[in-house]
Amino acid sequence: MRRVSRYPKLKAILPAHRIGTMVKNMQRAIVLDTLPALPKDIEANDPNDTFLLAMALAR
């Protein structure tokens, strides 16, 4: 999230302090031993985002 938040198109709408808050809240709120595999019909455009999709589905 921190890396992506530095992209020019996101930097304009997501200030750094909000990203920091979001990351801290996610670290406190989500505790998973293992992430479930994504269903075969769900695919991330960016392989580095797969864990985010898996976390969203785990909730």
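Which element gives the largest share of the lining of the largest pocket? Helix 1 does, with three residues. Keep that pocket in mind as we walk through this predicted model.

## The overall fold

Let's start with the chain as a whole. Its secondary structure consists of four helices and zero strands, and read from the N terminus the order of elements is α-α-α-α. The radius of gyration of the chain is 13 Å, well over the 10 Å that the globule rule gives for 59 residues, so the chain is more spread out than a compact globule. Taken along the principal axes, a box of roughly 35 × 25 × 15 Å is filled by the C-alpha atoms.

## Surface and contacts

How much of the chain is buried? Of the 59 residues, 14% are buried. The chain has an accessible surface of about 5100 Å², and carbon and sulfur atoms account for 56% of that surface.

Contacts along the chain can be sorted by how far apart the partners sit in sequence. Taking contacts between residues at least 6 apart, 26% join residues at least 24 apart.

## The largest pocket

Now back to the pocket from the opening. The largest pocket holds about 160 Å³ of space. Helix 1 (2-5), helix 3 (16-29) and helix 4 (50-58) are the elements that give two or more residues to its lining.

Which residues line this pocket? They are Met1, Arg3, Val4, Ser5, Leu10, Leu14, Ile19, Met22, Asn48, Asp49, Phe51 and Leu52.

## Two residues to look at

Is serine 5 buried or exposed? Its relative accessibility is 11%, under the 20% cut-off, so serine 5 counts as buried. Leaving aside residues up to four places away in sequence, serine 5 touches Leu10, Lys11 and Ile19.

You can find isoleucine 13 in the loop between helix 2 (8-11) and helix 3. With a relative accessible area of 61%, over the 50% cut-off, isoleucine 13 is exposed. How far is isoleucine 13 from methionine 55, 42 residues apart along the chain? Their C-alpha atoms are separated by 24 Å.

Technical notes. Residues numbered from 1 in each chain as written. Predicted model: local features only at pLDDT ≥ 70, side-chain atom pairs only at ≥ 80, totals over all residues. Heavy atoms only, no water. 1 Å grid on protein atoms, 1.4 Å probe; cavity = no way out; pocket = protein on both sides within 12 Å on 5 of 7 lines; lining within 4 Å. Points joined across faces, edges and corners; volume = space filled by probe spheres on them. Rg over C-alpha atoms; globule rule 2.2 N^0.38 Å. Buried < 20%, exposed > 50% of the residue type's maximum accessible area, 1.4 Å probe, protein only. Contact = heavy atoms within 4.5 Å. Areas by Shrake-Rupley, 256 points an atom, 1.4 Å probe, with all protein chains shown as cover.
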